[in-house]
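Please walk me through this structure.

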Amino acid sequence: MAELLQKNSLTSAIPVDSSGKVLGEEARRIYWSLRLLGVRRIPASRDKTVPIELKLEDLGFYDDIDPAPMRVFRDTMELLYRGWPTPLVGLRSLSGDGFRVWAKLEWYNPYSMSVKDRIGWYMVKQALENGWRGDKVYEATSTNTGMALAAMAAIHGFKVRLYIPRVIQKASDTLLRALGAEVIRTEKPLTVDLLEDVRRDAARDRALHIDQFGNDANFLVHLRYTAKELELQLRTAGVNPRGIVGGIGTSGHMAAITFYFKNRVGGTKIYMVQPAKGEVIPGIRRVETGMKWIHWVKPDAVVEVTRREAIEALLTVARRDGILPGLSSGAVAAAFMKLRDRGELEEGDYVLVFPDNGFKYVEQLNEYFESQSTAG
Ligand code: PLP
């Protein structure tokens with residue numbers, strides 16, 4: 001993708017003819033890549049022989065990121081995309097001994113209080129831009145994408161039906177119904193196991209199966225916003241991260257962050273986190289259960305975490321930093337601690353992407369506390 005605008009400038013402009021039409025296949029490819037990456041002012045030249053150097057700021061590369069300091073929004077849609085960037089915060093609990101740890105708090109998104117608001121918004125936006133005018137969206141979800149889509153349905157005035165796997169906490173049905181969604185609780189254990197049923201029902205009912213697992217709007221929104229805003233935040237803080245750690249469900253956010261940082265920044269290691277065999281950690285799953293975008297990139301390692309390790313790590317953060325991360329955030333924190341304790345990390349700055357907070361997981365936390373009291 002236009003080699004992700006190496007360094008902080010773009011050398012050379014796209015050749016156009018006298019009417020402004022983009023010339024040549026390669027030039028067209030670069031033109032569309034720049035547009036996808038959020039470049040607002042595409043550099044064009046009628047003289048291909050004179051390279052010019054353009055700063056990313058001048059191309060509008062960062063214009064999508066608006067710190068919205070007064071936090072006044074015209075409506076709840078603006079509340080999402082003008083509320084970005086989500087915070088990047090230093091964690092005392094995991095810093096020290098040469099390590100400085102930063103968490104990107106994706107629960108500062110307004111609908112599902114999770115990273116999934118970004119894809120709910122972008123998948124619907126792209127569907128509308130591509131001419132979709134239907135009145136029903138069907139989707140398989142472990143909660144968060146469902147909440148984001150329910151919010152989009154409320155705002156745009158369509159209906160949403162959500163298929164949820166058996167292992168997800170009961171509270172999700174209540175939250176999704178409160179947001180106006182129809183909820184189908186299934187007997188299958190993984191969200192991906194539901195895809196065939198959703199596809200079949202959507203075709204039968206003329207509904208749009210929006211498909212977070214295969215819809216490239218998932219990868220793209222994280223490339224254009226999540227990854228880009230993280231880079232800008234790190235630049236502002238004067239931080240050059242040694243590594244980024246994050247969990248994988250569809251692999252959308254971590255594949256995009258990997259693609260972005262490996263191409264554009266370089267030198268940043270990427271660690272992806274999956275549940276250990278047989279373990280259930282809502283939102284994340286094992287690579288071999290099948291995911292799309294992870295195969296577009298090369299993480300430096302995939303780390304395995306048990307549910308107990310995830311819960312204990314989230315409690316470590318909660319009891320020292322005073323914020324309550326969710327289970328998959330706990331898995332990310334646990335993976336960082338494992339890598340550090342095994343001596344596999346060089347000292348320096350690390351970013352942990354925390355997809356959501358702990359408020360949806362009272363059931364799992366209770367279960368953990370009860371198992372502790374019976375064990376003790
Ligand atoms: N953590 C939570 C709580 C999630 O809901 C999800 C996705 O459903 C993830 C992590 C994984 O994110 P992604 O689908 O971008 O891989």
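Is Asp-117 buried or exposed? Asp-117 counts as buried, because it has 30 C-beta neighbours inside 10 Å. The term has cut-offs: a residue is buried if 20 or more other C-beta atoms lie within 10 Å of its own, exposed if 12 or fewer, and partly exposed in between, with C-beta atoms placed from the backbone.

Two notes on reading come next. This is a predicted model, in which local features need pLDDT of at least 70, side-chain atom pairs count only at pLDDT 80 or more, and totals for chains, interfaces and linings use all residues. Residues are numbered from 1 along each chain as its sequence is written.

Asp-117 is found in helix H3 (residues 116-129). Helices (H or I, at least four residues) and strands (E, at least two) are DSSP runs, numbered from the N terminus. Leaving out residues up to four places away in sequence, Asp-117 touches Leu-80, Asn-109, Pro-110, Tyr-111, Ser-112 and Ala-148. Such a contact requires C-beta atoms, placed from the backbone, within 7 Å. Ala-151 is 34 residues from Asp-117 along the chain, and their C-alpha atoms are separated by 8.8 Å.

Now follow H3 to its partners. The axes of H3 and helix H4 (residues 144-156) come within 8 Å and cross at roughly 45°. Axes are lines fitted to C-alpha atoms, for helices over the stretch in contact, and angles run from 0 to 180 degrees between N-to-C directions. Angles under 35 degrees count as roughly parallel, over 145 as roughly antiparallel, 65 to 115 as roughly perpendicular and the rest as oblique. Asp-117 is among the H3 residues that make this contact, and Ala-148 and Ala-151 are among those of H4.

H3 also meets helix H7 (residues 217-237). Their axes come within 9 Å and cross at roughly 115°, so H3 and H7 are roughly perpendicular to each other. Arg-118, Ile-119 and Tyr-122 are among the H3 residues here, and they meet H7 residues including Ala-217, Asn-218 and Leu-220.

H7 has a further partner. H7 and helix H8 (residues 252-265) pack at an angle of about 55°, with their axes 8 Å apart. H7 and H8 are therefore oblique to each other. Phe-219 and Leu-223 of H7 are among the residues in this contact, as are Phe-259 and Val-265 of H8.

Step back to the whole chain. The protein is divided into domain 1 (2-59), domain 2 (76-112 + 219-375) and domain 3 (116-209). These bounds come from an automatic or database domain assignment. The C-alpha centres of domain 1 and domain 3 lie 38 Å apart.

Where do the nonpolar residues gather? The largest nonpolar core has 89 residues, and Val-273, Ala-331, Val-332, Ala-335 and Leu-352 have the most contacts inside it. A nonpolar core is a set of buried Ala, Val, Leu, Ile, Met, Phe, Trp, Tyr and Cys residues joined through C-beta atoms within 7 Å. H7 gives the largest share of this core, nine residues. Domain 2 and domain 3 both give residues to this core, so it lies between them. Apart from it lies another core, of 11 residues, including Tyr-31, Leu-34, Leu-37 and Leu-59.

Glu-309 is buried, with 21 other C-beta atoms within 10 Å. Ser-9 is 300 residues from Glu-309 along the chain, and 43 Å separates their C-alpha atoms.

Definitions and conventions: Two residues are in contact if their C-beta atoms, placed from the backbone, lie within 7 Å.
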